Amino acid sequence: MGTDSSWLSRYGLALILLILVVGFSLARPASFATPDNYRAILNNQAVVVLLALAAMMPLIVGEFDLSVAGVLGTGQALVCGLCALQGLSPTVAIALALAAGAAIGLVNGLVIVKLKITAFVTTLATSTVLGGTVVWYTGGAPIYTGVPQSLTRLARGHLLGVPLPVVYVFLVTVLLWFVLSRLPVGRRLYAVGGNRRAAELSGIRADRVIIGSFVASGLLASAAGVILGSQLGSVVPGGEATYLLPAFAGAFLGATAITPGRFNPVGAVLAAYTLSVAVSGLQQLGAPFWVQPVFNGSVLIVAVGLSGYAARAKAARARARQLARLEQQAAHAAAV
C-alpha cells in the first residue's frame, strides 16, 4: 500500500496529464488530437516552462523571485531592441540580454543577503523598476520591425520536426536535473532550503548559495525572454505580466510530483505542460477567455497547498526514520 501511494504521489501528475490529453483528444478529435496542436502546445508553453524553472531556483532555497516576469520582459526588449534599434548582431544582443538577466539576479541576491531586505519586497521593487526601464528603452511603443530573421530563426526552426524552443527546454531541464541531483551545488541548494541554520553549521556558505540561486533565476528568465522575442520577432512593453502566474503555478505544482515535497525541474516541466493542456482543451471546448486566468489562479492556490502538504509529509517521514534509527541504536546499546 505504501509503495502504491508513493508511486501515485510521484507520478500522479503525469497520470493527470495523460488523462487530460486522452480526454480532450476524444472530445475534440478534429482539432485537439492533431500533431499540429500537440506541437503548438509544446512550442507555445516553452517560455512559461523556462520561467517556471527560473522561479523554482530561489524557491529551492526558501526565497521568492517575483521579478522573473520583469526579467523576461527585459530580455525580450533587449534582444529585439538591440538588433532593431542599435543594429547589433543577434549573437551580441543575446549575450547582452543574458548578461543583464544574470546581473539583475545578482543585484536581487546581494540586496536580500547583504541588506537583509525580504525577497518579496526586493523582487517586487525590481520588477517595477524593470517594467519602467523597458518602457523608457522602447519609448513605450511596440517594436515590430527591424528584428533580423537570423534571430527569429532561433525559435521558429525545427530539429527533426521538433520546434527548437522545445529542444531548448529539454536541454535546460536535463542540465538543471543533473546539477540539482548529481552535483554538490544541488545538495547545498536543497540543504539551505531545508534548514539554513543547519546548513551553515555543516559548513555551507548559505549567503553565496542564495545569491547563486537568484543569478540562475535571472539567467533563466532572461533566456525565456530571448526565446519569446525570437518567437514573436517583436516586443510589446508590459506584455510580460501574464507569464508570472502560470510560472509560479508550474513551479509549485511541480513540487508535488517526481520528488514530492521538493521543488524539482522535471516536476515543474510536467506541471507547466499539464496546465497548458488543460487550458487549451477547455478553450477548444468553448470555455470563455476569462477561464484561463481564473484557472491559473485557482491552480496556484491549490498547488501551494499541495506542495506545502507534501513538504510536511516528507519531513514527518524523515523524522520517523530518524526516530526509528535512534530507537534501534538504543535497543542495541541496551542489549550489549
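In the predicted model, the axes of helix α3 (residues 46–60) and helix α12 (residues 244–254) approach within 8 Å and cross at roughly 60°. The arrangement of α3 relative to α12 is therefore oblique. The crossing of α3 over α12 is right-handed. The residues that form the contact of α3 with α12 comprise 11 nonpolar, 1 polar and no charged. On the α3 side, the contact is made by Val 48, Leu 51, Ala 52, Ala 55, Met 56 and Leu 59. The α12 side contributes Pro 246, Ala 247, Phe 248, Gly 250, Ala 251 and Phe 252.

When residues up to four places away in sequence are not counted, Ile 60 touches Leu 180, Leu 189, Tyr 190, Gly 193 and Phe 263. In soluble globular proteins, nonpolar side chains tend to be buried together.

Helix α6 (residues 119–138) contains Thr 122. The relative accessible area of Thr 122 is 7%, which is under the 20% limit, so this residue is buried. With neighbours within four places in sequence left aside, the contacts of Thr 122 are with Asn 108, Val 111, Ile 112 and Ile 117. Of these contacts, Asn 108, Val 111 and Ile 112 fall within the range of α5 (90–114).

The loop between α5 and α6 holds Lys 116. The relative accessibility of Lys 116 is 61%, over the 50% limit, so Lys 116 counts as exposed. Lys 116 is not a glycine, yet has a positive phi of about 60°. A positive phi is also found at Ile 258, where the value is about 65° although the residue is not a glycine. Ile 258 is located in the loop between α12 and α13 (265–284).

Notes:
Residues are numbered from 1 along each chain as its sequence is written. This is a predicted model: local features need pLDDT of at least 70, side-chain atom pairs count only at pLDDT 80 or more; totals for chains, interfaces and linings use all residues. Side-chain values use heavy atoms; hydrogens and water are left out. Axes are lines fitted to C-alpha atoms, for helices over the stretch in contact, and angles run from 0 to 180 degrees between N-to-C directions. Helices (H or I, at least four residues) and strands (E, at least two) are DSSP runs, numbered from the N terminus. Angles under 35 degrees count as roughly parallel, over 145 as roughly antiparallel, 65 to 115 as roughly perpendicular and the rest as oblique. A crossing is left-handed if the near helix is turned anticlockwise from the far one by less than a right angle, and right-handed if clockwise. Contact means heavy atoms within 4.5 Å. Ala, Val, Leu, Ile, Met, Phe, Trp, Tyr, Cys and Pro count as nonpolar, Asp, Glu, Lys and Arg as charged, and the others, Gly among them, as polar. Buried means under 20% relative accessible area, exposed over 50%, partly exposed in between (1.4 Å probe, protein chains only).
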